[in-house]
Amino acid sequence: MTLLLDRTNQQALLDLKRVLVIDDEEPIRRLLGYMLQSHGYETVLAADAKEARTRLEETSFALVLCDVNMPGESGMDLVRAILNQHPHTAAIMVTGLDSSVLANAALDMGAFGYVIKPFESNEVLINVANALRRRRLEMESRLHRENLEDVVRTRTMALQQALEWLERSEKELRLSREETIQRLAIAAEFRDSATAQHIQRMSHYCELLARRYGLSNERCDLIRTASPMHDIGKIGTPDHVLLKPGKFTQDEFNVIAQHAEIGYRILAGSDAEILNVAATIALTHHERWDGSGYPRKLKGEAIPIEGRIASIADAFDALTTARVYKPAFAFDHAVDLMSKHRGEHFDPELLDVFLASLGDIKRIHEAYADRPSNGLSRES
Ligand SMILES: [Fe+2]
């Protein structure tokens, strides 16, 4: 509605044919008024600058025809003020002085024409018609530019809103994906009473090691998000084995060791990079640097870096967590045990990164400590 009114007003301004004649000599004022009226213009007459200002406050004019020399405020000063305060009004100066200096000053100021007394009727009418045509063209050009700017502004705003919406959606999608993964991982771990805190510690230890080892931000984020699924294959381990108190027989160990392959089969083959990283971690988090791990007895750098990282994080968390067959080892004792397996169980370079990051490891260990009500779990 506002836009419609604006356009209506703009059109009315464009079509305006009202002329304000300002001259202190009454005969000239009347003559100019008569000439213009007889050619279809609406005219208002003013004898001096003061009266002209009053008329300009009362209504809009397409054009002012203004005498240069008047008692009081000069025509030049008056027209300068009019052009400044009423940008839609054009101006033609009328003067008895044929001076190129004055004419140039008037044109420089923004007047569209300059008429010298005594004037012919045609001379005035041609000047007025030209001035109104030029005013119309300039107004149309300005309106067109303003409309274009409006369109650009509106579209830019719409684009910004779309981008913000996309960013919000992307963030929500990422958070929802990470939360779904965590909850699935917790569901799998729930069977042997592993805790939500174990998932969190594992995730943060893995991310910390990946960053300190120098992997890319993108890889570190993937490892942080994917590592909670490392034991998801336990959903395929029978209860009588998974929940058995005390030590496993070799056969039972063979059954539980299958959780790595089962997890891999659940997660592998996806188009999503996060699930492929999760599959790699599930398959290789029990492999050992010296080739004595499971399920495939991979050795050294044949074990993907994600698996080597998860192996350290998982083993350290198992040592510092109470199990059905052992209490939680103290932080420093667990670190000592880890150090003894440098180059055997663990990638020596990665273990050095781990040992150099103990301050942060301890912060994670304490920030996500198990709550007293949580049950005990078995390392697997
Ligand atoms: Fe495991």
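By class, how many nonpolar, polar and charged residues does the lining of the second largest cavity have? The legends below take up this question and other local views. The model is predicted, with local features requiring pLDDT of at least 70 and side-chain atom pairs counting only at pLDDT 80 or more, while totals for chains, interfaces and linings use all residues. Residues are numbered from 1 along each chain as its sequence is written, and side-chain values use heavy atoms, without hydrogens and water.

**View 1. Lining of the second largest cavity.** The lining comprises four nonpolar, two polar and four charged residues (Ala, Val, Leu, Ile, Met, Phe, Trp, Tyr, Cys and Pro count as nonpolar, Asp, Glu, Lys and Arg as charged, and the others, Gly among them, as polar). Among them are W289, I303, S311 and D347. Lining residues have an atom within 4 Å of a point on a 1 Å grid over the protein atoms alone, and a cavity is a set of such points where a 1.4 Å probe fits but cannot get out.

**View 2. Packing of helix 4 (residues 75-85) and helix 5 (residues 100-109).** Helices are DSSP runs (H or I) of at least four residues, and strands (E) of at least two, numbered from the N terminus. The two axes, lines fitted to C-alpha atoms over the stretch in contact, lie 10 Å apart at an angle of about 15°. Helix 4 and helix 5 are therefore roughly parallel (angles under 35 degrees, on a scale from 0 to 180 degrees between N-to-C directions).

**View 3. The cis peptide bond from K117 to P118.** Omega is near -5°. P118 belongs to the loop between strand 5 (113-116) and helix 6 (121-190).

Notes. 1 Å grid on protein atoms, 1.4 Å probe; cavity = no way out; pocket = protein on both sides within 12 Å on 5 of 7 lines; lining within 4 Å. Parallel < 35°, antiparallel > 145°, perpendicular 65-115°, else oblique.
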